[in-house]
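Hi,

Here is the structure I promised to pass on.

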Amino acid sequence: RRYESRDTRTNLLMGFGSLFVNGSARVGALLGYAALYVVAPVHLDTSRWYTWVFALLAVDLLYYAQHRAAHRVRILWAAHQAHHNSRRFNLSTAVRQKWNPWWELLVWVPLPLLGVPPWLVFTSFSINLIYQFFVHTERVDRLPRPIEFVFNTPSHHRVHHASDPEYLDRNYAGILIVWDRLFGSFAEETHRPTYGMTTNVDSFNPFRLQYH
C-alpha cells in the first residue's frame with residue numbers, strides 16, 4: 001500500500017514530461033481558443049460570480065465526458081492508459097500524466113464559443129486538476145455521506161483506478177461525482193481495489209509506458 005521507489009520515480013518523470021509536452025500544447029490551444037472567443041456571439045463577464053460557477057461546472061461536465069470517452073474509445077485509451085498503468089495508488093500516481101493532450105484540448109472548444117474567456121477555461125481546468133490530486137490516496141477512508149454523495153472522493157477514485165471487473169470503467173468524475181450518478185457510471189467501493197490495468201505493462205520506462 002505504500003510508495004515504491006521505482007514506481008514513484010517513474011510517476012515523477014512522467015509528470016515532468018507532461019509539464020513540457022502538455023504545456024507546449026496548451027500554449028497553442030490558448031491561441032486557438034482566443035481566436036474562437038473573438039468570434040463568440042457573447043462574452044461572459046468574469047466579474048460576476050455566476051460566470052465562474054458556469055465555467056467550473058461546464059469544465060467539470062466536459063471533463064467527465066472526455067474522461068469517459070478516453071476509457072471507452074481505443075485510440076483515446078491508448079493515450080490515457082499512461083495514467084492507469086501503475087499497480088500502486090498514492091499521491092505520486094496523480095502526476096503520472098499522459099503526454100498526448102490533444103483530445104481533452106478539443107473537448108474544451110465549445111467553452112470559448114459560449115463566451116468563456118480562454119484564461120478562465122484554463123483556470124477552471126487547473127482548479128479541477130488540483131482538486132483531483134488529493135483523491136489519489138488510500139490514507140483517507142470514507143468521508144461524511146453528503147460529501148460522498150456530491151463530490152469525487154478518494155473512495156470513489158480508488159474504484160476508478162481498479163482493474164476488478166465490478167469496478168472497471170467507473171467513476172469518471174473530476175470534482176462532482178453527481179455526473180457518474182446521473183449517467184449510470186457510478187460504483188461504490190466495497191473492497192480494496194486491485195490497481196493497474198487488465199493487462200499490465202511490466203516496465204518502469206516512461207516512454208514504453210506512454211507509447212507501448
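To start with, does D169 count as buried, exposed or partly exposed? D169 counts as partly exposed, because its relative accessibility is 25% (buried is under 20% relative accessible area, exposed is over 50%, and partly exposed is in between, with a 1.4 Å probe and protein chains only).

Before the rest, some housekeeping. This is a predicted model, where local features need pLDDT of at least 70, side-chain atom pairs count only at pLDDT 80 or more, and totals for chains, interfaces and linings use all residues. Residues are numbered from 1 along each chain as its sequence is written, and side-chain values use heavy atoms, with hydrogens and water left out.

Back to the loop between α8 and α9, which is where D169 lies (helices are DSSP runs of H or I with at least four residues, numbered from the N terminus). Phi of D169 is near 55°, a positive value in a residue other than glycine. N171 is in the loop between α8 and α9 too, and its phi is also near 55°. N171 counts as buried because its relative accessibility is 0%.

H161 is another residue of the loop between α8 (154-160) and α9 (178-183). With 3% relative accessibility, H161 counts as buried. Its side chain makes a polar contact with the side chain of H83, at 3.2 Å (a pair of N or O atoms within 3.5 Å, where within protein one must be able to donate a hydrogen and the other to accept it, and residues adjacent in sequence count only if both atoms are side-chain atoms). Leaving aside residues up to four places away in sequence, H161 touches H83, H84, F89, T93, H136, T194, Y195 and G196 (contact means heavy atoms within 4.5 Å).

Now the helices. Helix α2 covers residues 49-72, and its buried residues include T51, Y63, H67 and H71. The buried residues of α2 pack against α3 (74-80), α4 (102-107), α5 (110-113), α6 (118-133), α8 and α9.

Helix α1 (residues 5-39) packs on α6 at an angle of about 135°, with their axes 8 Å apart (axes are lines fitted to C-alpha atoms, for helices over the stretch in contact, and angles run from 0 to 180 degrees between N-to-C directions). R26, A29, L30, Y33, A34 and Y37 in α1 meet P118, W119, V121, F122 and F125 in α6.

Cheers

Key. Helix = DSSP H or I, 4+ residues; strand = E, 2+ residues; numbered from the N terminus. Expected span 1.5 Å × (residues − 1).
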